[in-house]
Amino acid sequence: MGNNYNMVNGGNTPSSSTHLLDLLDEPIPGVGTYDDFHTIDWVREKCKDRERHRKINSKKKESAWEFVKSLYDAWSGWLVVTLTGLAAGALAGLIDIAADWMNDLKEGVCLSSLWFNHEQCCWASNETTFAERDKCPQWKTWAELILGQAEGPGSYIMNYFMYTFWALTFAFVAVLLVKVFAPYACGSGIPEIKTILSGFIIRGYLGKWTLMIKTITLVLAVASGLSLGKEGPLVHVACCCGNIFSYLFPKYSKNEAKKREVLSAASAAGVSVAFGAPIGGVLFSLEEVSYYFPLKTLWRSFFAALVAAFVLRSINPFGNSRLVLFYVEYHTPWYLFELVPFILLGVFGGLWGALFIRANIAWCRRRKSTYLGKYPVLEVITVAVITALLAYPNPYTRQNTSELVKELFTDCGPLESSQLCQYRSQANSSRPLLEDSAPTMPGVYSAMWQLCLALIFKIFMTIFTFGLKVPSGLFIPSMAIGAIAGRIVGITMEQLAYNHHDWCEVGAGCITPGLYAMVGAAACLGGVTRMTVSLVVIMFELTGGLEYIVPLMAAVMTSKWVGDAFGREGIYEAHIRLNGYPFLDAKEEFTHTTLASDVMRPRQDNQPLAVLTQDDMTVRDLQNIIVETSCNGFPVIVSKESQRLVGFALRRDIIIAIENARRKQEGIMWNSRVYFTQHTPTLPADSPRPLKLRSILDMSPFTVTDHTPMEIVVDIFRKLGLRQCLVTHNGRLLGIVTKKDILRHMAQMANLDPESIMFN
């Protein structure tokens, strides 16, 4: 590779170690910043940070105050991730408590304490029974409040109506707040965060308005009963906190690359509070969202996840002394023959993932290209009404999705009153386990039918819900679909085991249906997101035991292999491509045999490349080039004849430098000569004052030869986070390759629309 690209220096530069920005005594304000929808220059940002670090180190021995400033600078990274963890944990706790209360509001209210949800309302009651532990005099359904009766067709219709009314109200308020105040608060947020962490600028996406509206509307969207979760949006919420707190520290507010280290730690904190899985959060940040992840970011991500989990545990939003609602512990070991159904669940997860990605992307593309996209409020209301009307009759779809996952994960025991566990209670009480027939009751068959209907409902509604203009996560709906399928398989396997006593120890309940639900949940989530290591760690942190790692690994890997057979993109990468964000996926392989000369601009039939010369242009010439072209930067050469490269100047920096010079320097006129050289020649006395732009010139732009394979060029762009790379032949400038050019070329090679890349 060393022969194909090098760092070049032009003009009178003394050596290749010359700093990227030859700074003046008074740096030009605004130079080095970025416009909206542009990509940052990672190399330049790293150089700026090194220069700042050198300056601090050189001054810290001058005085006690400078030494204190150096300590503050060193500890600012830990301070900002601590603040981010504290805010993420507190907001997650608030969202959990509010969503639970509003979800129960659809069914009734607690008259003794209006701020209590259904479960809390009945905690202190002495009039509850084991079979009907959720019924107490303090909790009143809407039918009891309005009609004065708890049973009968009239009360059912009234409860049905109020459930639909509240669901519609919550969804309407949520989409209205998003549409009016913060359009960026919709969706999961993870595709955009991945793009931002890769170096893209989306102004306002992680701002205070987005944070406030996303927090409020996330509660409303979850409470509305739509087939969505709060886990993905919690990552967005945590990243908003990280972005806001980074502005308190100049080290991060003035350097976009350093700020992304904070955002990586924030995403780890988001997953930590979403699943109660601090280690899984760190691995999620590393595996799924982060583009640049140095070792110190790993430590800070771990610390942020720890702080966030500690705060959430202190709040204890679920009242179970756990970080999540569906924490479970299993006490029965798994047997080798169970690997077969576990792998089959992995196959189901991979097929579901492939189906979901294709169907959801097709629907989202249709939404973008038809009138549906013009009426987001109407679409949300329609989906909310359909969801509520279809969900209410089935108890497994009526309840909150997190509670459904909890019930499906839970192992049947003597204290469980769920329909799914009726055969258990009968087996423990009246029938011996050695009978040839399985000791079931009609309640189990009824539950199985309801679960099958719930599975179909969840599959269809999740496809149409993800991508609505409300905060919508995908983790919990995917886990619910897998958990339903897993529980059905688990119950089936349990009945088979009762009829075949030679499968495991006689007299022991060797099959744990809840474990199958957990494995199915992991398989379906893996099929949709294509996560592997982080997903397994998140799932075993949920269960509190390492004993079930092998079943989880087998299901998740099978799910990924099956899903990859239909397409290697996960749902987040698919949405990045759908939205046209300039994201170079590190997981995607470039296998084509094209060269840099095939991709660079200008092509033979195109306009010549817009270039600047180092010492024979005027301010007017410079202004004309800026007006006539839309390039984000210009190569600077010695002369049009030699085409020898000197450096690279960004369009934004040139505009700012000219405006600053005309405002602050007397004598700068339209016919003033522009110099990118270190020394300016002696000019006649009547000549206008020259404009020196050496300080904004990148003296060491990356270059490749025209014969460099594109495979290497793509690798350079990925690993160094480049915005552009210049192409030379025998030292003469030929053209330029930008990130946009590479993405267009890759789309063209994949027979996709090359103009679908949104760049500026």
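A salt bridge is here a side-chain nitrogen of Lys or Arg within 4 Å of a carboxyl oxygen of Asp or Glu. The model is predicted: local features need pLDDT of at least 70 and side-chain atom pairs pLDDT 80 or more, whereas totals for chains, interfaces and linings use all residues. Residues are numbered from 1 along each chain as its sequence is written, and side-chain values use heavy atoms, with hydrogens and water left out.

**First stop: lysine 194 and glutamate 288.** Select these two residues, which form a salt bridge with their closest N and O atoms 3.7 Å apart. Because lysine 194 belongs to helix H6 (residues 190–197) and glutamate 288 to helix H11 (residues 278–289), the pair ties together parts 94 residues apart in sequence. Helices are DSSP runs (H or I, at least four residues), numbered from the N terminus. Both lysine 194 and glutamate 288 are buried; buried denotes under 20% relative accessible area, exposed over 50%, and partly exposed the range in between (1.4 Å probe, protein chains only).

**Second stop: arginine 52.** The rule for salt bridges gives a count of 19. One of them joins arginine 52 to aspartate 73, with the closest N and O atoms 2.6 Å apart. Arginine 52 is in helix H1 (residues 42–59) and aspartate 73 in helix H2, 21 residues apart. Arginine 52 is partly exposed at 21% relative accessibility, whereas aspartate 73 is buried at 11%.

Display H2 (residues 64–105) with H8 (residues 231–246); their axes come within 9 Å and cross at roughly 140°. The axes are lines fitted to C-alpha atoms over the stretch in contact, and angles run from 0 to 180 degrees between N-to-C directions. For contacts (heavy atoms within 4.5 Å), select residues including Leu83, Ala87 and Leu91 in H2 and Leu234, Val237 and Phe245 in H8.

Lysine 230 forms a salt bridge with aspartate 96, the closest N and O atoms being 3.5 Å apart. Lysine 230 lies in the loop between helix H7 (208–223) and H8, and aspartate 96 in H2, so this pair ties together parts 134 residues apart in sequence. Lysine 230 is buried at 8% relative accessible area, as is aspartate 96 at 3%.

**Last stop: helix H27.** Select residues 710–720, where the buried residues are Met710, Val713, Val714, Ile716, Phe717 and Arg718. Just after H27, glycine 721 takes a positive phi of about 65°.

Note on methods: Helices (H or I, at least four residues) and strands (E, at least two) are DSSP runs, numbered from the N terminus.
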